[in-house]
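Please open the model in a viewer and keep the selection panel at hand.

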Amino acid sequence: MQAKTTCPYCGVGCGVTAELSEQDGCRTLTGVGGDPAHPASFGRLCVKGSALHETLGQHDRLRRARVDGLETELGQALDGVAERLAAIRCEHGSNAIAGYLSGQLLTEDYYIANKLFKGYLGTPHVDTNSRLCMASAVAAYKRAFGADAVPCNYEDLEEAELVVLSGSNLAWNHPVLFQRLRAAKSRNPLMRVVVIDPRVTDTCELADLFLPIAPGSDTRLFNGLLSYMAAKGRLDQRYLERHTRGSGEALAAAREDAPDIATVAHHCELDPERLETFYYWFASHLHVVTLFSQGINQSASGTDQCNAIINCHLAGGQIGLPGAGPFSITGQPNAMGGREVGGLANQLAAHMDYHTPGAIERVTRFWRTEHLTPTLPEAPGHKAMALIEAIERGEIKALWIMATNPLVSLPDSRRVRAALERCPLVIVSECMAHNDTLALADIVLPASSWAEKDGTVTNSERRISRQRGLLPPPGDACHDWQLMAGVARRMGFGEAFAHVHPAEIFDEHARLSGFENDPAAADWRIFDISGLAGLGREGYDALAPIQWPVNAAHPQGAARLFEEGRFVTGDGRARLVAVTSQPSVQQRTADAPLILNTGRIRDQWHTMTRTARAPRLMHHRPEPFIETHPEDASARGVVEGALARLHNGLGEYIGRVRLTTAQRRGEVFVPIHWNDRFASRARASELIAAVGDPLSGQPESKRGVVQLSPRPVAWEACLLLATTSGVVPEAADWWARIPLNHCQRWQLAGESLPDWFEWCEATLGDTPTLWSEDAGRGCFRAAGIREGRLTWWLAVMPPGELPEFDWLEACFAGESLDPEARRRLLAGSEASAESSGATVCSCHQVGCRTIERAIRDGSNTVEALGERLACGTQCGSCIPELKNLIEATEAQQEHADDHETVVS
Ligand SMILES: Nc1nc2c(c(=O)[nH]1)N[C@H]1C(S)=C(S)[C@@H](COP(=O)(O)OP(=O)(O)OC[C@H]3O[C@@H](n4cnc5c(=O)[nH]c(N)nc54)[C@H](O)[C@@H]3O)O[C@H]1N2
Ligand SMILES: Nc1nc2c(c(=O)[nH]1)N[C@H]1C(S)=C(S)[C@@H](COP(=O)(O)OP(=O)(O)OC[C@H]3O[C@@H](n4cnc5c(=O)[nH]c(N)nc54)[C@H](O)[C@@H]3O)O[C@H]1N2
Ligand code: SF4
Ligand SMILES: [Mo]
């Protein structure tokens, strides 16, 4: 049986076809594929999406509620939440209660949360992890268009003559969109792509021009573009006059900030010729899309950076047309849905703000909260970082966290930990049994997860799709909205939370969007899906993907906004905003002389609670790492492949060194994914100060300041353990845990060489069955075999010399070891096996050594490699890496050939 649903990872929002099978009344999801009919993806899935079925299963799911550390009936836990919230509200008032939500909730969950917290508990303090993600883009769109409305769609990317990607590693973070762009570019050889990023990323594969910009200088870059357009007579005067205001001021500010190419090139640390090429391309094309993401948003002046981009599009009239517009790409699957509902602390509901005239009264009537004391709050609540400060001050006494892991993702995580420890009531709704934040919860509520959850999400191009509930949640787990409604009923708000199906919630949400919303009036709201009200359960279940607004004027939805040049600003005109470059808040010091850049890797999702359940997603980058320029490393005695430390006054991060000239000098990059569940001391956010954009409240997460030092160790070992238990080997000074099939891999390191027999006993509770030791060289290898089965395998070895994991994993899988395998066990490889190296293609599990051999053998195109090894033929996410490998291997060969010629 097949069912259609939507991928729960990134904001591309790909359509998924799920294969279901049923046996003895028990349903399982056995496989996933791309849904050819879904207009976001047309049948494509990236590597994360295509591994979705491997992340399911009941192991390590949160199945039961817990109150004060004790497993409890769900009903009792909900009683506990209701009683404790009521007591805090009674003693300290509504404002002592806060919610911290997530762009991974479905729209229906979000709607109920907003209604419960703001409407019924009467607290404005509801924020979401979208604050860390989209807040600057939201604030900028509101300043420019009067509403948080993304004008573009994915076809615009394909139809553009010029695509500018700024602060976006699209190849890794929105891979299906990247594939659409690649296909469009190969169809249209005239299309140009510009990538703006301090690092060379895989996204550069498509770049005709790459600008390795100095971090934090994007406002200057785009101000420079605006003054260039003015100087070259490339402003669209007609558009500016008819449809905008503020161009005079914006232009004056731009000229002052970025008068000429030389000034911009100096501040942005760019080659003036390349810069001019970019400016010339932008100014001379009408069909330009600028796609921007966290490199722009996560800055102390993120809102201004976004407006600097939007200004250029308004000034050139490059908006509201096919293939044109400033396109903020969303991160999470439902960041957009949360924004529609109004789930951020400065929003009220459904594109109405607290200060929107009449809005509080209108929402009060719609939610029927007139009779409550207190009724709706009157002013915005605390944004995420301010929420933490309010907890520190003792003002917030209860925090309900849903579908986010703030102990890992909020900046200055030691401080976040201290705040949560001090908060009298922390409630966490979560679908996994373990994450860093759960450990600090007083009450834990089990939530349903992807394939169980049932509702809608909205992707980056405003497209609403159904995520369908296909499997029953395990144990007592319920949908997030059901957990909240359960608490609401217990607090006496039953009537307002009587929904029994998500279709009813969606219907209410759709009605609110159209409630007293007249498209002809000056105070119209562009988010209007009143056309989707009254669908009923069947209509809702069958809902095909559709782009908002959906109303009488757009019954089939709207692909593009602002085509008529009418904006949501009262007078209908868009605003150019005068912006000036601002220095980053975190500045280098003698003790912290390097800039820390943080971001994502291809195969992991955020704090890894879900993607680490699919072992094949662990192979691409198995351990936390630090990318650094070779010269910065050598100046500090840091070498490739060794462990190193990043540190500053806030904390410490330990990772394995990857030397790369893709990194600018003076800057280092670390992934955001690792946390206390997967490594000792590898939480990137521990090193980032809790500072951010005063307008949007978005943290400056793309920039910390740190020192880099070696992390000397006396030994490194690789331990494979048959158990899936999360025992942290206390006997190591550093560790990283890497889930594999049939065993767990632990990379371990220590400062002093132990007696290995004693170490095995203390750490594993076992003595080796087989071992070999060369004490002089510090080498030790051992294995534990119980009743014929391999239970653990240990090799003290330098990290470069990894064993053959595929073969060893197979040894753990078998019923009992065959004698030949037993004989080879300490060698760590099958006699004939050639090492396949680190995984490049996760779909077909092809390693870099295998690929290099094939390239040397003549398969030196992506297509030839695909034919020979199948790599790159399924989801395509590894194609940029394949191209890099071809280039590097051929360069090596040439070098070797040259060398031979010289020698002969
Ligand atoms: N594989 C994977 N995909 C994901 C996610 C994931 O966890 N894993 N998460 C999703 C989410 S929630 C989000 S928000 C998106 C994020 O998607 P992206 O924004 O593409 O992701 P990041 O890797 O955080 O950052 C993007 C780039 O910004 C660059 N950058 C840093 N500083 C600057 C600067 O000053 N100027 C410019 N121009 N660039 C700079 C970084 O070097 C980095 O390459 O990804 C989504 N997709
Ligand atoms: N330094 C630095 N920090 C960053 C960023 C960065 O680039 N650099 N990026 C920021 C950005 S853009 C983002 S979006 C955040 C992401 O950061 P988080 O939101 O903290 O990361 P996740 O791992 O997605 O956390 C989601 C949690 O909810 C659980 N969960 C998943 N689905 C559900 C559900 O349906 N219901 C419930 N109740 N629980 C569920 C997951 O198991 C997981 O524990 O990180 C931010 N932090
Ligand atoms: S690009 Fe990948 S992660 Fe993003 S929605 Fe599509 S399949 Fe999911
Ligand atoms: Mo995000």
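Begin by selecting Thr 456, which counts as buried because its relative accessibility is 1%, under the 20% limit that the term requires. Please keep in mind throughout that this is a predicted model.

**Thr 456 and its surroundings**

Colour the strand β19, residues 455–458, to see the element in which Thr 456 lies. Now display side chains: that of Thr 456 makes a polar contact of 2.9 Å with the side chain of Glu 108. Which residues beyond four places in sequence are in contact with Thr 456? They are Leu 106, Thr 107, Glu 108, Asn 334, Ile 464, Ser 465, Arg 466, Gln 467, Phe 506, Tyr 540 and Leu 543.

**Ile 464**

From that list, select Ile 464, which is found in strand β20 (residues 463–467). Is Ile 464 buried or exposed? Ile 464 counts as buried because its relative accessibility is 2%. Apart from neighbours within four places in sequence, the contacts of Ile 464 include Thr 456, Val 457 and Thr 458. Phe 506, Ile 529, Leu 532 and Leu 543 are also among the residues in contact with Ile 464, as are Ala 544, Pro 545, Ile 546 and Trp 548. For a sense of scale, draw a distance from the C-alpha atom of Ile 464 to that of Gly 697: the two residues are 233 places apart along the chain, and the separation is 27 Å.

**Helix α20**

Next, select residues 480–490, which form helix α20; eight of its 11 residues are buried, and the helix is mostly covered. The buried residues are Asp 480, Trp 481, Leu 483, Met 484, Ala 485, Gly 486, Val 487 and Ala 488. Against which elements do they pack? The helices are α2 (74–92), α3 (107–120) and α21 (502–514), and the strands are β16 (398–402), β17 (425–430) and β18 (443–446). After α20, stop at Gly 492, whose phi is positive, near 95°.

**The domains**

Zoom out and colour the protein by its domain assignment: domain 1 (2–55), domain 2 (77–133 + 334–547), domain 3 (135–329), domain 4 (594–827) and domain 5 (839–903). Domain 2 and domain 3 have C-alpha centres 33 Å apart. Where these two domains meet, 15 residues of domain 2 are in contact with 17 residues of domain 3.

**Ligand 1**

Select ligand 1 and the 34 residues that surround it, of which Asp 197, Gly 216, Ser 293, Arg 600 and Gln 604 are the closest. Domain 3 and domain 4 each give at least three residues to this shell. By class, the shell holds nine nonpolar, 18 polar and seven charged residues. A nitrogen atom of ligand 1 is 3.5 Å from an N or O atom in the side chain of Ser 166. An oxygen atom of ligand 1 has a polar side-chain atom of Asn 597 at 2.8 Å. On its own, ligand 1 has 910 Å² of accessible area, and the protein covers 99% of it. Two or more residues of the shell come from each of α6 (170–173), α13 (294–297) and β23 (594–599).

**Ligand 2**

Move to ligand 2, which has 29 residues around it; Gln 104, Ser 409, Glu 430, Lys 453 and Thr 607 come nearest. From which domains does this shell draw at least three residues each? They are domain 2 and domain 4. Eight nonpolar, 16 polar and five charged residues make up the shell. Show the side chain of Gln 298, where an N or O atom is 3.0 Å from a nitrogen atom of ligand 2. The side chain of Asn 435 has an N or O atom 2.9 Å from an oxygen atom of ligand 2, and a polar side-chain atom of Lys 702 lies 3.0 Å from an oxygen atom of this ligand. Of the 920 Å² that ligand 2 exposes when taken alone, the protein buries 98%.

**Ligand 3**

Finish at ligand 3. The residues surrounding it are Cys 7, Tyr 9, Cys 10, Gly 13, Cys 14, Leu 45, Cys 46, Lys 48, Gly 49, Pro 175 and Val 176. The elements α1 (47–50) and α7 (175–187) give two or more residues to this shell. Its classes are eight nonpolar, two polar and one charged.

Methods. Residues numbered from 1 in each chain as written. Chains lettered and ligands numbered in written order. Predicted model: local features only at pLDDT ≥ 70, side-chain atom pairs only at ≥ 80, totals over all residues. Heavy atoms only, no water. Near = heavy atom within 4 Å. Polar contact = N/O pair within 3.5 Å; in protein donor to acceptor, adjacent residues only side chain to side chain. Areas by Shrake-Rupley, 256 points an atom, 1.4 Å probe, with all protein chains shown as cover. Nonpolar A, V, L, I, M, F, W, Y, C, P; charged D, E, K, R; others polar. Domains from an automatic or database assignment. Helix = DSSP H or I, 4+ residues; strand = E, 2+ residues; numbered from the N terminus. Buried < 20%, exposed > 50% of the residue type's maximum accessible area, 1.4 Å probe, protein only. Contact = heavy atoms within 4.5 Å.
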